[in-house]
Amino acid sequence: MGGEVHTFRLLLNAGQFVRAVFDQRGADIVLTLVGPDGEELTRVDSPVGEWGPEPLFFEAGKGGYYTIQVRTRREWAAPGRYEFSMTAQTPTPRDLSRFPAERTFAEATRLLSGGGPEALERGVEKYEQALALFRSLGDYRGEITTLVTIASVRQALGEGAQALLYYEDALALLRTTNDTAEEARAESAVALVYFSLGDRERALNDFRQALALFRAAGDSRTAAYTLDNVGHVFDSRGEERQALDSYQQALRLLRAVGDKRGEAVTLNDMGLVYDALGEKAKARQFFKESLSVFEEQGDCREIGPALSNLAADALESGDRQKALEYLNHALAVQHTAGDREGEAKTLNNLGFVYHSAGDDRRAFESFHRALALSRETGNRKGEGDTLSNMMFAWRSAGKTAPAIFYGKQAVTAYQEVRATIPPLDKEAQKSFLRPREAAYHTLADMLIEQGRLPEAQQVVGFLKDEEYFQFVRRDGGSSKTGAATLTPEEAVAGKRYEEIADQIATRGRRRAELLQKTTRTPDDDKQLALLDTELAAAGQAFQNFLDQLSTELGNTRQAARVEQVRESQGLMEDLRELGSGAVAIYTLVGEEKYRVILVTPDVQVAREYSISAADLNKKVAAFREALQNPSSDPRPLAQELYRVVVGPIAKDLEQAHAETLMWSLDGALRYVPVAALYDGEHYMVERYRDVVFTPASMARLKDEPTGRWRALGFGVSKSHGDFAALPSVPEELRGIIQDAGAAGGTVSADGVPGVLPGRIALDEAFNVESFKAGLRERFPLVHVASHFQFEPGNETDSYLLLGDGTRLSLAQIKIAQNLFGGVDLLTLSACNTATGGAGGDGKEVEGFGVLAQRQGAKAVVASLWPVADASTRLLMEEFYRIRNSQDGMLKAEALRQAQLELLRGGTGPSAGVPPGKGQGASANTARRGLSVESIAQPGGKVSYAHPYFWAPFILIGNWR
């Protein structure tokens with residue numbers, strides 16, 4: 001019926017009851033009931049797709065002509081069939097007893113029309129009530145219809161396992177009714193669920209059972225479609241020859257019953273299989289046959305895709321001109337048919353072909369038109385595909401900034417589409433993502449080349465099915481959904497993009513609503529004409545904006561650090577006074593070379609390593625990826641990066657008898673925990689104290705620290721909004737701080753008092769007032785266990801989460817006067833406190849440390865990635881215990897030894913061991929409160945030896 005509207009008029013008396021069941025046979029239909037006065041009474045569209053019942057039950061409230069309109073769900077739907085049965089009669093006692101069940105069923109169907117998961121859930125609740133009523137009446141037909149409908153809704157919600165339970169109940173009843181055709185349809189539905197869950201073997205078995213039943217029922221047409229599904233299963237398993245055999249059987253049946261559309265679709269499927277097999281001539285033959293049948297039927301909606309397949313074949317054969325001919329032919333057909341969604345796809349393909357031919361002017365013209373049409377029709381998938389192609393085109397033109405912008409827009413569109421796919425529909429998730437993974441990886445590669453690792457990590461994270469591990473982490477975890485984060489400059493462009501694109505989308509939706517009307521008034525026609533004019537103008541404005549955007553998003557380069565390095569000569573005397581084997585190391589990441597300058601109390605040495613900035617950034621990204629996966633072995637990558645970063649000065653360090661390495665890191669190297677680099681035998685933490693210093697550190701590098709610390713602790717243990725709870729924080733604070741003012745004092749869970757005297761403010765007691773008041777008391781140590789959100793370039797949106805759920809922004813911290821005055825060490829034992837989001841090129845690693853030092857703090861400890869909650873508690877307790885265990889203990893040495901305790905599996909004292917000499921203690925780790933969040937080892941032991949646990953924390957500033 002493809003696009004037709006069928007009308008049935010019924011003359012009814014008041015009180016008559018109509019029971020109509022429309023059995024969909026390859027046509028997804030919508031039923032509309034109109035009363036005698038022309039008012040729409042109800043609309044029915046059950047979520048059973050193109051196959052299955054659409055029941056319509058109603059009682060005539062008054063006499064007159066009632067109209068049932070039947071149309072396809074989509075105006076441009078391909079031809080299909082339906083059968084129906086209808087009775088209208090004065091209710092019998094039996095009818096009256098069924099009314100409550102049928103009315104409840106009808107109400108459930110109306111609820112579904114609300115759309116969205118909530119409406120579906122409400123509809124299911126109503127269907128469950130109807131199911132109970134049908135069962136109480138012994139009405140098997142009503143029970144079966146309701147079971148199948150609930151199963152369909154559960155499947156739509158992504159609850160495949162639940163859907164199977166209802167289908168199995170329906171099948172059990174159908175097998176008692178000898179309704180072979182209905183049983184076959186249910187078996188086929190079960191097969192589709194198994195296919196969506198990725199169980200291809202079960203899907204194949206159920207399709208075969210359905211096929212046998214359809215053949216027994218004499219339904220050759222539906223048997224053909226089932227064979228087509230069998231072919232899809234074989235194709236998905238890589239068994240192309242078996243797929244072709246199934247398609248061939250389906251083709252014979254479809255030709256026998258005269259189903260031309262089914263014939264054309266199957267021919268196209270066979271062409272795709274031959275194309276995958278590399279048999280291009282056969283593929284071309286089947287594509288052409290498919291196109292010929294579609295053209296014979298005048299099926300304009302299918303002609304476009306068929307021509308696109310031929311265009312792809314021509315392009316692969318090197319015949320661009322033929323590809324352009326096919327696509328321009330498709331474009332003309334789709335435009336005539338009003339298939340705007342199809343036009344958008346073809347324009348996108350045209351843009352791709354023009355770009356491959358080097359004609360970027362026409363390529364971007366086609367892309368821009370495709371974007372406008374996709375936005376008009378609300379096709380986010382199509383919009384994402386075009387944005388992705390624009391990213392590839394700009395990248396090949398050497399324009400990285402606009403390429404990244406369009407790549408982020410594409411990924412955001414894809415993420416929105418993925419969010420609508422039921423999570424348990426594995427096949428749908430995979431089939432959507434598989435051809436688009438290149439867009440995610442390309443965007444991530446460009447961000448890595450620019451040294452923007454947090455953004456790259458976010459994009460790659462979208463591709464992961466699940467976290468590597470199930471620790472309680474001090475972040476909100478990652479998600480398949482969500483938008484790619486924009487820099488401030490990109491956000492401005494993105495806002496304008498959305499504003500202009502939304503104007504097109506709004507007018508497009510209104511135009512579609514008017515076109516869907518069965519009858520239009522003269523005023524409707526005027527509105528349509530006006531909307532067409534406005535859409536043309538909005539589309540032109542959109543294209544003009546896109547043309548300008550590439551010039552507005554200029555490429556940016558990392559600022560040179562030459563001036564900072566020139567000042568290093570003045571540091572030589574400071575290093576002599578600092579002692580403890582202190583040396584300074586300046587790194588410079590150039591376009592084609594990495595340079596490193598070593599400054600000792602006596603000499604300056606400059607070395608270099610030939611590697612491009614892009615390649616170095618890739619090594620950094622790969623290393624960080626390995627570090628954040630505790631099941632990996634990061635040492636090969638750690639050694640590879642060691643050769644680049646430390647290798648050029650390794651012998652110089654030995655000759656200088658270096659013990660404390662003060663790093664001034666450049667670009668993406670700021671994301672590297674130097675302590676986790678590996679020389680082939682040892683991690684750097686086993687040989688050196690590694691600290692970070694900045695220009696803001698210089699004034700206080702030589703300050704003598706306070707002897708024994710008093711500590712001020714602030715913590716957040718509860719969840720707030722998108723921030724997860726941190727259950728180990730209370731124990732962490734109690735293990736560090738003994739608060740004499742607390743009721744009964746404070747001890748950790750194992751009964752051990754805190755390492756340092758001081759005060760704790762947890763959750764609601766941690767607010768702006770208590771934070772500032774506590775800092776005014778000038779505690780030498782301030783320890784904050786919370787979440788920190790850093791947005792480079794935006795001090796208002798960068799903030800520390802307080803315990804009462806409020807936020808203390810960097811802007812507020814910046815305007816405070818000497819906020820951290822008197823603080824020897826500010827520790828942020830939270831997630832990503834040293835890294836940022838969009839626009840981060842490494843500078844933000846030092847950003848908060850610089851700000852805190854400018855506000856009085858001598859040193860800052862922060863983290864380079866989301867940290868594990870339990871191991872962080874252990875590390876921090878050990879850090880402070882060692883620092884407080886002897887006078888003159890260096891902060892850098894205490895942190896190094898605490899890291900070694902985790903690396904070597906010990907938790908006992910190891911104070912006073914020189915760099916590279918200590919082996920740690922062998923105390924029982926269980927007594928320190930290790931939980932199941934740690935990595936299990938053979939023999940039931942637990943270990944925090946992986947650098948994921950001990951390496952993220954870096955010390956910035958005064959390390960004494």
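Tutor: On a 1 Å grid over the protein atoms alone, a cavity is a set of points where a 1.4 Å probe fits but cannot get out, and its lining residues have an atom within 4 Å of a point. Grid points are joined across faces, edges and corners, and a volume is the space filled by probe spheres set on the points. This is a predicted model, in which local features need pLDDT of at least 70 and side-chain atom pairs count only at pLDDT 80 or more, whereas totals for chains, interfaces and linings use all residues. Residues are numbered from 1 along each chain as its sequence is written, and side-chain values use heavy atoms, with hydrogens and water left out.

By this criterion the structure contains 6 cavities of 30 Å³ or more. The largest cavity has a volume of about 180 Å³. It is lined by 20 residues, of which Ala 675, Asp 690, Val 691, Phe 953 and Ile 954 are the closest to its centre. Strand E12 (689-692), helix H32 (891-904) and strand E24 (953-957) are the elements that each give two or more residues to this lining; helices (H or I, at least four residues) and strands (E, at least two) are DSSP runs, numbered from the N terminus. By class, the lining comprises 16 nonpolar, 1 polar and 3 charged residues. Here Ala, Val, Leu, Ile, Met, Phe, Trp, Tyr, Cys and Pro count as nonpolar, Asp, Glu, Lys and Arg as charged, and the others, Gly among them, as polar.

The packing may be considered next. In soluble globular proteins, nonpolar side chains tend to be buried together. A nonpolar core is a set of buried Ala, Val, Leu, Ile, Met, Phe, Trp, Tyr and Cys residues joined through side-chain atoms within 4.5 Å, where buried means under 20% relative accessible area (1.4 Å probe, protein chains only). The largest such core has 219 residues, and Leu 653, Leu 677 and Trp 959 have the most contacts inside it. Neighbours within four places in sequence aside, the residues in contact with Trp 959 include Leu 578, Met 662, Leu 701 and Leu 890, contact meaning heavy atoms within 4.5 Å. Val 691 is also in contact with Trp 959, and Val 691 is among the residues closest to the centre of the largest cavity. Lys 891 is another contact of Trp 959. A second, separate core of 30 residues includes Phe 771, Phe 820, Val 823 and Leu 826.

Terms used:
On a 1 Å grid over the protein atoms alone, a cavity is a set of points where a 1.4 Å probe fits but cannot get out, and a pocket is an open set with protein on both sides within 12 Å along at least five of seven lines; lining residues have an atom within 4 Å of a point. Buried means under 20% relative accessible area, exposed over 50%, partly exposed in between (1.4 Å probe, protein chains only).
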